[in-house]
Amino acid sequence: SKNMSRENPSFNPDLPGYNPEQPAEMPPIQEASQEKEITPEAAESYRKLGEMIDGLKSSTNFERSKTEGGREVVTSPEGEKFIVRQITNPLDPVVKEMHTLLRREFGKDEVEPLLWVRHAIKEGLYAYHVMEDEKGDVVTMSVTQPLELEPDKSKGAGQQKEIMLAEWFVHTNPASQNSRMLSKQLFASACEYSLGKAQEEGAVFKGFVGEMVSDVEKFMNRFGHKRMYFEDAKGNIQEVPYYYPPSDFDTSTGKPGSETGQEHLMVRILEDSGEMSTDDALRIVESAYREYVATPDDYDNPKAYETAKGFTDNMLGDLRTALSQAKDGKVFFMSERERRTKESELESEGKEVVNVVTEDDKEALEEEKKPAK
């Protein structure tokens with residue numbers, strides 16, 4: 001079942017026994033180092049992200065408070081209490097349960113091996129946030145990462161560092177009451193973490209990016225995330241054909257250890273003009289691909305790293321070719337509703353919107369084709 005059970009009758013989050021892997025006292029939040037000079041552009045991005053976080057929290061009818069031990073508690077209108085926390089200990093018992101849940105939900109081609117997840121927590125590579133109910137069951141969880149964007153090659157040296165929050169996995173137990181509100185509260189915590197990272201680095205916070213399956217689109221539209229499209233020479237609208245890389249590369253050969261496939265690239269830019277250059281879209285994808293390949297140190301030899309990197313470089317090359325058809329070198333964003341409107345408009349002109357077909361879409365089509373029993 002999706003509902004993961006970890007019995008814990010005495011719900012006192014301030015007692016060390018609430019989660020023996022975690023210290024009772026949270027470590028003090030480190031002050032952002034003063035050396036980094038914050039540019040006006042960066043400061044403005046923090047203000048906007050801060051506003052967004054406040055908006056997320058206030059758009060739910062939940063109370064949010066801190067316990068004496070510094071833990072975040074979220075209370076529903078019905079009086080249910082939930083703990084929101086970031087997993088910082090790779091041996092926390094919740095890690096294995098979280099991993100099992102993710103594999104069940106997203107499949108093993110998309111979820112890294114458990115050993116890697118523990119490594120990512122230990123090294124602070126990704127942020128793992130969970131929300132647990134009074135029994136200690138996980139009701140919602142997210143895996144996010146402040147993703148440093150590849151520098152803009154047209155700008156040369158000395159340019160401002162830019163960060164986007166990559167949302168690798170977000171999952172809420174669909175059986176939970178108030179699941180949408182819980183997701184918003186957890187997302188607010190992931191955003192706060194990312195804001196802290198951007199401030200530490202003195203980086204501009206650009207926005208959000210995620211690889212999404214079709215059935216979360218409506219949900220993500222509520223957070224302002226939209227799919228990316230471009231107009232081709234014939235006036236048809238095409239979705240940016242995004243392929244996710246293998247989640248696992250062999251450390252001794254660099255060969256892929258899992259499949260790739262198509263997903264929807266969904267983005268929300270804080271400075272929302274509704275469009276961006278194809279070069280910027282490629283920078284975002286290149287930054288995401290870089291994370292999949294990791295670093296030369298993660299491989300047994302330099303050749304293995306080069307092989308893995310060569311694999312994603314080819315994928316990026318294919319995307320660059322596809323985007324070279326974009327009119328005016330621009331991509332734009334559409335929500336599900338905007339896309340439906342666009343489809344009707346184009347149909348009357350004998351043109352079409354071409355959407356990415358994910359594995360989930362194919363499976364759903366197969367199901368539809370089966371004769372009813």
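I began with the hairpin of β2 and β3: 5 residues lie between the strands, and Gly79 there has a positive phi near 90°. Strands here are DSSP E runs of at least two residues, and helices are H or I runs of at least four, both numbered from the N terminus.

I noted that this is a predicted model, where local features need pLDDT of at least 70 and side-chain atom pairs count only at pLDDT 80 or more, while totals for chains, interfaces and linings use all residues. Residues are numbered from 1 along each chain as its sequence is written, and side-chain values use heavy atoms, with hydrogens and water left out.

I looked up the pairing next (two strands pair if DSSP finds at least two bridges between them). β2 and β3 (residues 81-86) run antiparallel, joined by 4 bridges, and Val74 has Phe82 as its bridge partner in β3. β1 (residues 63-66) also pairs with β2 in the antiparallel sense, over 4 bridges; Glu63 is partnered by Thr75 of β2. In the hairpin of β1 and β2, with 5 residues between the strands, Gly70 takes a positive phi near 85°.

I then checked burial on β2 (residues 72-75). Glu72 and Val74 on one side and Val73 and Thr75 on the other are all buried, meaning under 20% relative accessible area with a 1.4 Å probe, protein chains only.

Last, I turned to the helices. α6 (residues 278-293) packs on α7 (residues 302-323) at about 160°, with the axes 10 Å apart. That makes α6 roughly antiparallel to α7 (angles over 145 degrees count as such). Axes are lines fitted to C-alpha atoms over the stretch in contact, and angles run from 0 to 180 degrees between N-to-C directions. Contact (heavy atoms within 4.5 Å) involves residues including Leu282 and Tyr289 of α6 and Met315 and Leu319 of α7.

Definitions and conventions
Parallel < 35°, antiparallel > 145°, perpendicular 65-115°, else oblique. Buried < 20%, exposed > 50% of the residue type's maximum accessible area, 1.4 Å probe, protein only.
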